[in-house]
Amino acid sequence: MKKLLMIGVLALTMGQASAQRCLPKMQGIEVSGAFVDGKPLSAAFCGGVALSTYTKNGSKWVFGSDYLQREYGYDKDTTIPVAQFTAEGGYYKKLLTDANKTMFVYGGVSALAGYETVNWGKSLLPDGATLQDKDAFIYGAAVTLNIEVYLTDRLALMGNVRERCLWGNDTGHFHTQYGVGLKLMIN
């Protein structure tokens, strides 16, 4: 009996156990924020929430929503806000990971659809000018490079670079985002 107990203690203390991360059907809630088009946060920003579900090869499906706002200068005292509300669904392929599974690099493609509002629907500006750009439904895609670094078994720090391409609007089709976020594993 003493030998069996000794073998058990040695087995428990030898080596280091690695956490099991990114297993099939594991899910995480992501909260993120981003700079847009290289502008300061006062002129352009994006925030979002998403649910990610992992597949059997460590890749993931991501479903979420984003709010993007960009201020366009009109004159020295007036800016025109353009806001986009979008929903996304996409697949992120695992490109790289380390041996301890603490860092993951993903490349992803997402479909986007939503609504864009220009100056919150007001076409008349304070000086009497009329905006020609209108509110519109928008659709398109995004390409993303995403990095996750696990701080604990349930909490990861994320960083990403994303290019959004949207059609159906009058205010520009491409927006580049540089963001950070947190992911909390829920199961």
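Because the model is predicted, local features need pLDDT of at least 70 and side-chain atom pairs count only at pLDDT 80 or more, whereas totals for chains, interfaces and linings use all residues. Residues are numbered from 1 along each chain as its sequence is written, and side-chain values use heavy atoms, with hydrogens and water left out.

The protein chain contains one helix and eight strands, and along the sequence these follow the pattern α-β-β-β-β-β-β-β-β; helices (H or I, at least four residues) and strands (E, at least two) are DSSP runs, numbered from the N terminus. Of its 187 residues, 39% count as buried, where buried means under 20% relative accessible area, exposed means over 50%, and partly exposed lies in between, with a 1.4 Å probe and protein chains only. The chain exposes about 10,800 Å², of which carbon and sulfur atoms supply 66%; accessible areas come from the Shrake-Rupley method with a 1.4 Å probe, and for residues only the protein chains shown count as cover. Among contacts (heavy atoms within 4.5 Å) between residues at least 6 apart in sequence, 58% join residues at least 24 apart.

A search of the whole structure finds one cavity of 30 Å³ or more, and about 270 Å³ of space lies in the largest cavity. Here a cavity is a set of points, on a 1 Å grid over the protein atoms alone, where a 1.4 Å probe fits but cannot get out, and lining residues have an atom within 4 Å of a point; grid points are joined across faces, edges and corners, and the volume is the space filled by probe spheres set on the points. The lining of the largest cavity comprises 24 residues, of which Glu-30, Ser-32, Glu-88, Asn-160 and Arg-162 lie nearest its centre. Strands β1 (27–36), β2 (44–54), β3 (60–73), β4 (79–97), β6, β7 (155–167) and β8 (174–185) each supply at least two residues of this lining. By class, the lining residues divide into eight nonpolar, 11 polar and five charged, with Ala, Val, Leu, Ile, Met, Phe, Trp, Tyr, Cys and Pro counted as nonpolar, Asp, Glu, Lys and Arg as charged, and the others, Gly among them, as polar.

Glu-88, one of the lining residues named above, is found in strand β4 and counts as buried because its relative accessibility is 10%. Leaving aside residues up to four places away in sequence, Glu-88 touches Val-62, Phe-63, Gly-64, Asp-66, Ser-110, Ala-111, Leu-112 and Arg-162. The C-alpha atoms of Glu-88 and Tyr-139, which are 51 residues apart along the chain, are separated by 9.9 Å.

Most residues other than glycine have a negative phi. Lys-25, in the loop between α1 (2–13) and β1, has a positive phi of about 75 degrees although it is not a glycine, and Lys-25 is exposed, with a relative accessible area of 68%. Asp-37, in the loop between β1 and β2, has a positive phi of about 55 degrees and counts as partly exposed at 23% relative accessibility.

Key. 1 Å grid on protein atoms, 1.4 Å probe; cavity = no way out; pocket = protein on both sides within 12 Å on 5 of 7 lines; lining within 4 Å.
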